[in-house]
Amino acid sequence: MTEKHRRPIRSFVLRGGRLTVAQQHALDELWPHYGIGQHKTLLDFDDYFAQRADVIVEIGFGNGESTWRMAQQEPDKNFIGIEVHEPGVGHLLMALDAHGIDNVRIACEDAVPFFQHRIPPGSLAGVRIYFPDPWPKKRHHKRRLIQPEFVGQMAHCLASGGILHLATDWQPYAEHMLDVMEGSTAFRNLSASGDYSARPAWRPHTKYEKRGEGLGHKVRDMLFERS
Ligand SMILES: C[S@@+](CC[C@H](N)C(=O)[O-])C[C@H]1O[C@@H](n2cnc3c(N)ncnc32)[C@H](O)[C@@H]1O
């Protein structure tokens with residue numbers, strides 16, 4: 001197989017989307033307002049948000065619980081949530097509508113090409129990635145979202161002083177994240193001990209975090225500043 005035809009390694013597997021009637025209704029009615037269509041051109045944030053403000057991207061928001069809560073807590077910021085799983089997008093659309101939140105826009109696609117093609121260089125104030133799929137088997141480690149190349153891409157899109165916030169309940173992935181981040185000269189670890197940071201009080205509890213805690217896993221937060 002030639003390089004050109006090799007399928008890209010993805011950090012997700014698209015499960016068969018079982019949309020509830022309410023989620024389908026939300027996608028039909030609310031996507032035109034909150035959705036970011038799939039194109040290959042750079043975004044102009046002014047086309048999407050009513051206010052001009054710092055933009056934070058959350059990757060892999062799952063059911064979107066953290067996304068709408070952060071957007072509600074931080075109304076002076078704009079949020080872009082990226083998630084490939086359609087039912088999760090439907091769930092978040094319903095929550096945004098129910099809580100009257102308008103500083104969130106949603107992309108339903110792979111975050112890796114989205115960062116390559118759509119996010120202007122130096123345009124983000126933050127990237128938040130909470131409980132990304134841990135891919136525990138060694139042969140699947142290459143599927144982990146946090147890889148040197150994607151960290152480089154996020155560095156390219158973050159403004160100087162922008163914050164990359166990672167959290168995981170899977171200790172081997174936390175160590176992998178630290179290794180990858182230590183290999184990047186574009187970021188400074190904000191942890192005084194050079195590894196993990198205290199969980200910021202404002203970070204909402206997520207569905208997968210609760211699941212990890214139920215299994216007795218320790219949750220690790222990591223905060224890095226773009227130099
Ligand atoms: C383990 S779940 C965590 C969801 C949520 N952040 C939470 O803590 O409950 C990881 C999520 O990331 C999404 N995901 C994985 N890779 C992605 C990618 N490249 N682009 C967008 N979403 C992705 C998956 O579909 C999944 O919903």
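Helix 7 (207-214) supplies four residues to the lining of the largest pocket, the largest share, where helices (H or I, at least four residues) and strands (E, at least two) are DSSP runs numbered from the N terminus. A pocket here is an open set of points on a 1 Å grid over the protein atoms alone, where a 1.4 Å probe fits, with protein on both sides within 12 Å along at least five of seven lines, and lining residues have an atom within 4 Å of a point. The model is predicted, so local features need pLDDT of at least 70 and side-chain atom pairs count only at pLDDT 80 or more, while totals for chains, interfaces and linings use all residues. Residues are numbered from 1 along each chain as its sequence is written, and side-chain values use heavy atoms, with hydrogens and water left out.

Among the 49 lining residues of the largest pocket, R15, G62, F131, D133 and Y208 lie nearest its centre; in the second largest pocket, P8, I9, V112, Q116 and E149 lie nearest the centre among 19.

For polar contacts (pairs of N or O atoms within 3.5 Å), a polar side-chain atom of T206 is 2.6 Å from a ligand oxygen atom, and a backbone N or O atom of G60 is 2.8 Å from a ligand nitrogen atom.

Notes:
A polar contact is a pair of N or O atoms within 3.5 Å; within protein, one must be able to donate a hydrogen and the other to accept it, and residues adjacent in sequence count only if both atoms are side-chain atoms.
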